Amino acid sequence: SVENNTLTLRGEKKMDSAIKEECCHRIERTYGAFSRSFSLPATVDTSKVSADYRNGVLTIKLPTREEAKPKQIQVQVQG
């Protein structure tokens with residue numbers, strides 16, 4: 001979610017089952033709900049923020065406001 005120029009990510013990691021192999025036994029213990037918040041710069045257009053989750057990767061796109069993008073100006077040389 002995005003509110004007041006703050007991006008907040010919330011999720012929950014489910015408890016994985018134990019992995020048993022011939023020589024070892026491993027169980028993942030980190031599970032439960034989590035939340036992370038990030039302050040966004042004023043140059044981000046919060047109305048156009050989007051997110052995509054594919055193959056275990058979360059991609060968040062934070063587009064820049066038009067007025068914040070660099071503009072080229074022409075310099076007139078007199079001489």
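Residues are numbered from 1 along each chain as its sequence is written, and side-chain values use heavy atoms, with hydrogens and water left out. In this predicted model, local features need pLDDT of at least 70 and side-chain atom pairs count only at pLDDT 80 or more, whereas totals for chains, interfaces and linings use all residues.

Phe-34 is located in strand β5, which spans residues 32–39; strands (E, at least two residues) and helices (H or I, at least four) are DSSP runs numbered from the N terminus. The relative accessible area of Phe-34 is 38%, and the residue is therefore partly exposed, a class that lies between buried (under 20% relative accessible area) and exposed (over 50%), with a 1.4 Å probe and protein chains only. When neighbours within four places in sequence are left aside, Phe-34 is in contact with Leu-9, Arg-10, Gly-11, Glu-12 and Lys-13, contact being heavy atoms within 4.5 Å. Lys-13 is 21 residues from Phe-34 along the chain, and the C-alpha atoms of these two residues are separated by 8.0 Å.

Two asparagines in loops were also examined. Asn-4 falls in the loop between β1 (2–3) and β2 (6–13). Its phi is near 50°, a positive value in a residue other than glycine. Asn-4 counts as exposed because its relative accessibility is 71%.

Asn-55 occupies the loop between β6 (50–54) and β7 (57–61). Although Asn-55 is not a glycine, its phi is positive, at about 50°. With a relative accessible area of 83%, Asn-55 is exposed.
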